[in-house]
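Work through the following exercises with the sequence and the model side by side.

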Amino acid sequence: MGAPLYFSLVAVLIGSLASAQERQFGTAEWQALVPVASSRQWFVKIGVAFFLALAFFATAIVFARLTLPPGDGPSARALLLLGVGLVLWTSAGLYASSLSTSGVRALALSLVLLLAMTFVVPLIGRVEWWVIDLIAAPDWPVYAAMAFAHPSVNALTQALIAGLVILLLRLAFTNHRSAETGAARVWRQSALLVGYIAVALMINGLVRLG
């Protein structure tokens, strides 16, 4: 539990400083005057964020391999889970950073997103299972809810997580280059994210139970 939480916090911290610090230091405005496309600037920004997060992760893994006895290190599946989580939490940090005017606020919002996804995603999965169980298949066993609440890291799950990462980065880019502020946009984006997560959990759960 300690290692996943630690890496998640590091990834969130790296992502949350990407855009928010520019607004805090006042450098975001003059970047719009640079003769470089905003999309290219954004790709450089997220590339640096992911590089730092993955480089830190790789360094920690190499250190663990060198210091721990053979067989005591993390398994390949655990490393895959940590790697996928690292990409997801870095993306969440980048999204929070695109909505914030300082690194501290971005980090606080990122932690809220981390907690929300940790507790809300299983809740959405269990509600979906309950509805399907009530309507379509009352003879499904109780443990079927785990297919929604705790999906395994297979090819389908990785594709769905990749879709969530792309959605987070796309929304973050929209926020980063927009001067619009207000709660309406945040609510629209929140509804879109929750809707995607609900559909992704439904697809993953039905495929596994089918």
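A residue counts as buried under 20% relative accessible area, as exposed over 50%, and as partly exposed in between, using a 1.4 Å probe and protein chains only. This is a predicted model, in which local features need pLDDT of at least 70 and side-chain atom pairs count only at pLDDT 80 or more, while totals for chains, interfaces and linings use all residues. Residues are numbered from 1 along each chain as its sequence is written, and side-chain values use heavy atoms, with hydrogens and water left out.

**Exercise 1.** Describe the chain as a whole.

Start with the elements, where helices (H or I, at least four residues) and strands (E, at least two) are DSSP runs numbered from the N terminus. The chain has 9 helices and 0 strands, and along the sequence it reads α-α-α-α-α-α-α-α-α. Next, take burial: 38% of the 210 residues count as buried. Finally, consider contacts, meaning heavy atoms within 4.5 Å; among those with a separation of 6 or more, 78% join residues 24 or more positions apart.

**Exercise 2.** Decide whether Q189 is buried or exposed, and list what it touches.

First locate Q189, which lies in helix α9 (residues 183-209). Its relative accessibility is 6%, so Q189 counts as buried. Then, leaving aside neighbours within four places in sequence, Q189 is in contact with Y95, L99, L171 and N175.

**Exercise 3.** Characterise helix α5 (residues 76-98) and helix α8, and then their packing.

Begin with length, for which the expected span is 1.5 Å times one less than the number of residues. Helix α5 has 23 residues and spans 33 Å from its first C-alpha to its last, close to the expected 33 Å; for α8, the 23 residues likewise reach 33 Å, close to the 33 Å expected.

Continue with burial. Because 17 of its 23 residues are buried, α5 is largely enclosed by the rest of the structure. In α8 the buried residues include T157, L160, F173 and H176.

Turn now to the packing, in which axes are lines fitted to C-alpha atoms, for helices over the stretch in contact, and angles run from 0 to 180 degrees between N-to-C directions. The axes of α5 and α8 are 8 Å apart and the angle is about 20°. The two helices α5 and α8 are therefore roughly parallel to each other, given that angles under 35 degrees count as roughly parallel, over 145 as roughly antiparallel, 65 to 115 as roughly perpendicular and the rest as oblique. Among the residues that make the contact are L80, V84, L94 and S98 of α5, together with Q158, I161, L168 and A172 of α8.

**Exercise 4.** Which residues does V165 touch?

V165 is placed in helix α8 and, at 10% relative accessibility, counts as buried. Not counting residues up to four places away in sequence, V165 touches V87, L88 and S91. The C-alpha atoms of V165 and W89 are separated by 8.9 Å, although the two residues are 76 residues apart along the chain.

**Exercise 5.** Identify the members of the largest nonpolar core that touch the most other members.

A nonpolar core is a set of buried Ala, Val, Leu, Ile, Met, Phe, Trp, Tyr and Cys residues joined through side-chain atoms within 4.5 Å. Of the 34 residues in the largest one, F57, W89, L94, M117, L164, L193 and I197 touch the most other members. Two or more residues of this core come from each of α1 (2-16), α4 (38-67), α5, α6 (103-135), α8 (155-177) and α9.
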